[in-house]
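Here is a short report on one protein chain. Please keep the sequence and the 3D view open while reading.

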Amino acid sequence: MKIVAGNSNRALAEQISKYLDVPLAKCQVRRFADQEIYVEIQENVRGEDVFVIQPTSYPANDHLMELLIIIDALRRSSARRITAVVPYFGYARQDRKSAPRTPISAKLVSNLITNAGADRVLTLDLHAAQIQGFFDIPTDNLYGAPVMTRDIKECYDTTNVMVVSPDVGGVVRARALAKRIEAPLSIVDKRRDKPGESEVMNIIGDVSGYDCILVDDIVDSGGTLCNAAEALLNAGAKSVTAYITHGVLSGGAVARVSASKLKELVITDSIEPTAAVQAAPNIRTISIAPLMGEAINRTSQERSVSSLFD
């Protein structure tokens with residue numbers, strides 16, 4: 001087995017490498033003066049089972065191109081099998097035509113990764129599970145739920161916890177976590193009556209006296225989470241914490257979360273935390289390295305990956 005890391009999340013790659021007790025392969029990823037990407041694999045990978053660890057987080061286009069060029073370099077170096085390990089799959093929110101004459105970018109990115117030469121893909125909490133079907137190669141979509149479940153049990157009395165989906169579309173994900181910790185489920189129904197007017201939040205379920213845990217796959221601007229936290233507290237919730245897999249946190253999101261009524265925002269390190277995220281008083285990061293490392297190990301040994309979530 002060989003592990004190759006791009007520049008997107010070097011810290012996560014090093015943790016996965018440590019978990020597997022396999023050193024990162026020597027690989028140079030640099031840029032010419034015009035920012036054109038250059039990749040050189042600096043050790044023999046002929047006949048090897050190679051895993052490329054590269055989330056396509058900000059700047060998404062740069063990191064996506066890095067991934068594609070690394071895969072191409074490995075293919076031309078006669079690697080036996082190339083697995084693209086993409087903990088955060090960028091463009092996943094564009095998984096359908098949301099309006100006339102718009103692209104399905106998630107399908108385009110899937111085609112790019114496949115045509116670059118990847119033999120399989122390993123990712124985490126896809127925004128829409130059907131994106132697996134966009135690939136014409138085997139694709140394993142891992143779930144962050146076991147990592148979150150462990151942390152929730154360590155930090156909360158689960159007899160007083162209620163899992164909350166921040167919107168109707170995330171109910172399946174929230175229900176799966178609620179089942180793991182044997183907690184009740186509630187839903188935030190949000191709607192905008194007129195363009196430009198603030199969203200009206202309706203709570204489906206009685207949250208009075210509960211420690212509420214909002215569960216979602218992506219937090220970007222943080223607006224929905226902060227509004228949902230306020231609505232839950234107004235409905236009688238004891239406290240509100242959010243567990244989110246991918247902390248995109250663009251623009252003023254960190255400041256918005258820090259100033260909100262959220263007790264805590266817990267994110268994974270699928271995207272490398274920025275200095276602002278690390279300094280925020282109510283944002284905490286938990287590691288997915290053991291989960292990703294075990295999935296990589298099982299893939300290499302041709303063992304079941306789905307049994308990780310039984």
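## A first listed site

This is a predicted model. Q94 sits in the loop between β5 (81–86) and α3 (105–116). Q94 is partly exposed, with a relative accessible area of 33%. UniProt, in an unreviewed entry, lists Q94 under "binding site", together with D34, Q35, E36 and R93. These residues span 61 residues in sequence, and their farthest two C-alpha atoms are 29.7 Å apart, so they do not all gather at one spot.

D34 belongs to another loop, the one between β2 (27–31) and β3 (37–41). Is D34 buried or exposed? D34 is exposed, because its relative accessible area is 56% and the cut-off for exposed is over 50%.

The relative accessibility of I104 is 34%, so I104 counts as partly exposed. From I104 to G169 there are 65 residues in sequence. In space, C-alpha to C-alpha, I104 and G169 are 19 Å apart.

## The N-terminal domain record

An unreviewed UniProt entry gives residues 1–117 as "domain: Ribose-phosphate pyrophosphokinase N-terminal".

## A second listed site

A further "binding site" record, again from an unreviewed UniProt entry, names R192, D216, D220, S221, G222, G223 and T224. D216 is placed in strand β11 (residues 211–219). Is D216 buried or exposed? D216 has a relative accessible area of 13%. Buried means under 20%, so D216 is buried.

## Helix α6

Helix α6 covers residues 223–234, twelve in number. From its first C-alpha to its last, α6 reaches 17 Å. That is close to the 16 Å expected at 1.5 Å a residue. G223, at residue 223 of α6, is also in the UniProt "binding site" list.

Which residues of α6 are buried? They are G223, L225, C226, A228, A229, A231 and L232. An α-helix has 3.6 residues a turn, so residues three or four places apart point the same way. Just after α6, G236 takes a positive phi of about 105°.

## Cysteines

How many disulfides does the count come to? The count comes to zero disulfides. A disulfide is a covalent bond between the sulfur atoms of two cysteines. The rule asks for a pair of cysteine sulfur atoms within 2.5 Å. C155 is in no disulfide, because its nearest cysteine sulfur, that of C212, is 16 Å away.

Accessibility is given for C155 and C27. C155 is partly exposed, at a relative accessible area of 42%. C27 counts as buried, at 15% relative accessibility.

Rolling a probe the size of a water molecule over the atoms shows where empty space is left. In this model there is one cavity of 30 Å³ or more. The largest cavity holds about 40 Å³ of space.

Which residues line the largest cavity? The lining consists of Y88, F89, A92, L124, D125, L126, H127, D217, I218 and H246. By class, six of these are nonpolar, two polar and two charged. D217 and I218, both in this lining, fall within the 211–219 range of β11.

Definitions and conventions
Residues numbered from 1 in each chain as written. Predicted model: local features only at pLDDT ≥ 70, side-chain atom pairs only at ≥ 80, totals over all residues. Heavy atoms only, no water. UniProt positions renumbered as here; feature names shortened; annotations may be inferred. Buried < 20%, exposed > 50% of the residue type's maximum accessible area, 1.4 Å probe, protein only. 1 Å grid on protein atoms, 1.4 Å probe; cavity = no way out; pocket = protein on both sides within 12 Å on 5 of 7 lines; lining within 4 Å. Points joined across faces, edges and corners; volume = space filled by probe spheres on them. Nonpolar A, V, L, I, M, F, W, Y, C, P; charged D, E, K, R; others polar. Helix = DSSP H or I, 4+ residues; strand = E, 2+ residues; numbered from the N terminus. Expected span 1.5 Å × (residues − 1).
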